[in-house]
Amino acid sequence: MAPTLGFLLLLLGLCRNTVSEGPPSSTRASGVPEFELPATNYETKDSYEPGSIGVLFQIVQNFLHVLQPNAFPEDILRKIIQKKFDLSTDYEKIIRYEIGILICAVLGLLFVILMPLVGFCFALCRCCNKCGGEMHQRQKKNGTFLRKYFAVSLLAICIFISIGIIYGFVANHHVRTQIENTRKLADSNFRDLRTLLNETPSQINYVLDQYTTTKEKAFSDLDNIKSLLGGGIHEQLRPKVIPILDDIKAMAEAIKETKAALLNVNNTLQNVKRSTGQLNSSLSDIKMNLEQSLNDPQCSVAPVTATCNDIRMTLNQLDDNTNVDELPSLHKQLDNVNDVLRTDLSSLVQKGNKSFNDIPEMVQNQTTGMVSDIKNTLNSIGSAIKNVNGQIAIQDKLSIFLDPINYVETYIHEKLPILEEYDAYRWLVSLVICCLLTLIMIFYYLGLLCGIFGYDRHATPTRRGCISNTGGIFLMTGVGISFLFCWILMIIVVFTFVVGGNVEKLVCEPYQNKKLFQVLDTPYLLNENWKHYLSGMVFNKPDINLTFEQVYSDCKENKGIYATLKLENHYNISEHLNIQGHTGNISSSFENLKVKIDDIVLLDAAGRKNLMDFSSSGVDQVDYDTYLAEIAKPPTKVNLLSFAEELERKANQLPPGSLKKSLTSNAQTIRTVYHDQVMPLGQLMRSLYRSIQNLQNKTSGLGVKVVNIISSLDSAQDFITNHISSIIVQESMKYGNMIFGYFERYLQWVKISITEQVAACTPVATALDSAVDIFLCSSIIKPMNLFWFGIGKATIFLLPAIIFAVKLAKYYRRMDSEDVYDDVFGIFVFVTVYKKVILVFIDIKPLSLYEQSF
């Protein structure tokens, strides 16, 4: 206990400068340094599994629970510790608690006392030819049944006894095995304790060194303030600024595209007008030629007159079908757009975009001094942390506890050979006990084997075979050995039962359910002046609620010594590291951060005027529907190809002559005009139609679009002017919280590491478990309980085995006399050959007849 408490005191002194207080920051940034204390590997397992023998241990434990169901006597133990226990007044409580064990112990003592007496009396009785000692067997009608019943019963009892003997062998071997492993268990625990002492300084150094990682991350973010802080401000403004700049840029492109579309429509319209004029001239010439041809004298002839009249009636179809010449040109709108394009709106947009994108650069230029101050503060914190590690002589304090550990280890190594020597004697005695019971069982099994297989049911008791007789002798030999040694076995059983049962119920079981710790944690128990003994011993402050149960549980959970011993009541790392003072300087630096961004102009007055001029250029006021309706008309009123074919058909109906020739020539001319003029004009008009539609789409709602852009521009500009300062403050705090959060996270990790990971006291709890739960309980007491359970069961079952063996031996041994029955003559003759005496009892015939029969 003293080395353990001393070790705890060491870690108390070790951890007083390694804990940070305060809640962690809620700000979590990407790329935050992740800290993890390297795990310490220990050899000794923190749990013990007995293996398959654990089932047998559980059986014995259940038996003890049935035998001793009473709760742990906490009050009695408290009185014993306080030296207030009085046997004369408290004996009733002890008897009430120990009643089950006492009854069994008394019964065992009665067994010890009575069995030698019973064996002595039984031997005397048999010497007087009583108690089955007379070598005469009376014939009974149920003799066969009794013999089988006795044999089966004895066999069943022997099996039960054999199981108990096996329990004894298993328990004896388990104890020997565990004792042999005791040195290995002790060495591993001492190595774990040394590992704890040796690893604690390196763990603390590792925790303190991780500040460098945090500082490097902070330096990286400070050097990257342009993208982190400036970029944050830029991103906050981006949803308001970028869309309007994109709209203005798109409008600048739309102005250029509108000019191109206007120019295309205007040029195409001029070409259409020119082609239409040429087509009208050609059609007029053709119409004039046809009128002249129809004045031919042949048209006055009756058959030809009708044809000429038909042709004359269709001449009006050769006129132009459109009024393209009446459509106004778009020179005015084109000139207006050209005037708008004299101002480069795209360059103005790029200028506004550049002023907006220069925000990160402006932030970086204005925060150079602040970044330098924060770096100096962080470097000073690092120096303070390094000084803390140098101020604490960790290794010197740890070395104080190496001597007690070495002393205990030396003491154990000195005593282990003695323990192993005593265990060899114990193992030998236990082996003799098990072998003695095994010898008795061998005699019983041999007796049953010889008796059963050597028995001849046709043989009379006086003529039984040698094998059967040997079986009976084996049984009686087993009975004799049982009487000689069973009381000695019962003495050992009672002693181990009383010791093992009480240790199991008073030490092992309360240790496992922590009742033992709860008793030790009773206020004012170990010291009348201290409410809590452990805190009084560690801190000299007995009012602190520090209990053995809590310390043991925390160590089992692998918590650090700081949280286990509640060292926050005594030490605070913040006072030694002065972290709060330095972080306060960092926080004030960010709070005093001032960044001025007040010269961002998204679009100047020239750009605004340019947009308004484009809106008033008139391109959206053109009557595009009139243009489209006129352009959609076909160039001629009639399909010239169909007209030419009809004219040629009618000409072919005329007689040969100049009229026919002239009409045929005009038909060919019409075809030529169609292919050379009408078809190109149609394609040109269709192209013009599409160009006008495209121009109409581009200029549709132009005024509304420009008004919306101007409105959005004013809104974005007002947002920048009125909210830029609040955005700067918000992003500065967010950036500061991110930097500050690194150190809060580091301090949080330091606190968790110190309280839960650094100097984790698992080896202390494991060493205590190894001494009590593994060595005392699992290696000694539980196997001892299994041993007395098995040997006790075997010894108790020797009683019925003796009875059945004596009864059964009568049926296997060769008798000196027997009962004889003669059914033919109806006489009963009892012959006693023993001591040469013959008695004859006659019921019917004279004695002489019976004498003759002999």
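Predicted model: local features only at pLDDT ≥ 70, side-chain atom pairs only at ≥ 80, totals over all residues.

**Entry 1: α14 and α27**

I started with handedness: α14 and α27 cross in a left-handed way. (Left-handed means the near helix is turned anticlockwise from the far one by less than a right angle; clockwise would be right-handed.) The contact uses Leu419, Ser430, Ile433, Cys434 and Leu437 from α14, plus Phe775, Phe787, Ile791 and Ala794 from α27. Contact here means heavy atoms within 4.5 Å. I sorted these residues by class and got eight nonpolar, one polar and no charged. (Ala, Val, Leu, Ile, Met, Phe, Trp, Tyr, Cys and Pro count as nonpolar, Asp, Glu, Lys and Arg as charged, and the others, Gly among them, as polar.)

Next I checked the geometry. The axes of α14 (residues 402-454) and α27 come within 11 Å and cross at roughly 20 degrees, which makes α14 roughly parallel to α27. Angles under 35 degrees count as roughly parallel, over 145 as roughly antiparallel, 65 to 115 as roughly perpendicular and the rest as oblique. Axes are lines fitted to C-alpha atoms, for helices over the stretch in contact, and angles run from 0 to 180 degrees between N-to-C directions. Helices (H or I, at least four residues) are DSSP runs, numbered from the N terminus.

Residues are numbered from 1 along each chain as its sequence is written, and side-chain values use heavy atoms, with hydrogens and water left out.

**Entry 2: α15 and α28**

I looked up α15 (residues 466-512) and α28 (residues 798-812), whose axes come within 8 Å and cross at roughly 155 degrees. The two are therefore roughly antiparallel, and their crossing is left-handed. On the α15 side, the contact includes Gly472, Met476 and Phe483; on the α28 side, Ile802, Ala805 and Tyr812 are among the residues met.

**Entry 3: cavities**

How many cavities of 30 Å³ or more does a search of the whole structure find? I got five. A cavity is a set of points on a 1 Å grid over the protein atoms alone where a 1.4 Å probe fits but cannot get out, and its lining residues have an atom within 4 Å of a point. Grid points are joined across faces, edges and corners, and a volume is the space filled by probe spheres set on the points.

The largest cavity has a volume of about 50 Å³. Its lining is Phe57, Val60, Gln61, Leu64, Glu504, Lys782, Asn785 and Leu786. α2 (53-67) gives the most, with four residues. I counted four nonpolar, two polar and two charged residues in that lining.

Technical notes:
1 Å grid on protein atoms, 1.4 Å probe; cavity = no way out; pocket = protein on both sides within 12 Å on 5 of 7 lines; lining within 4 Å.
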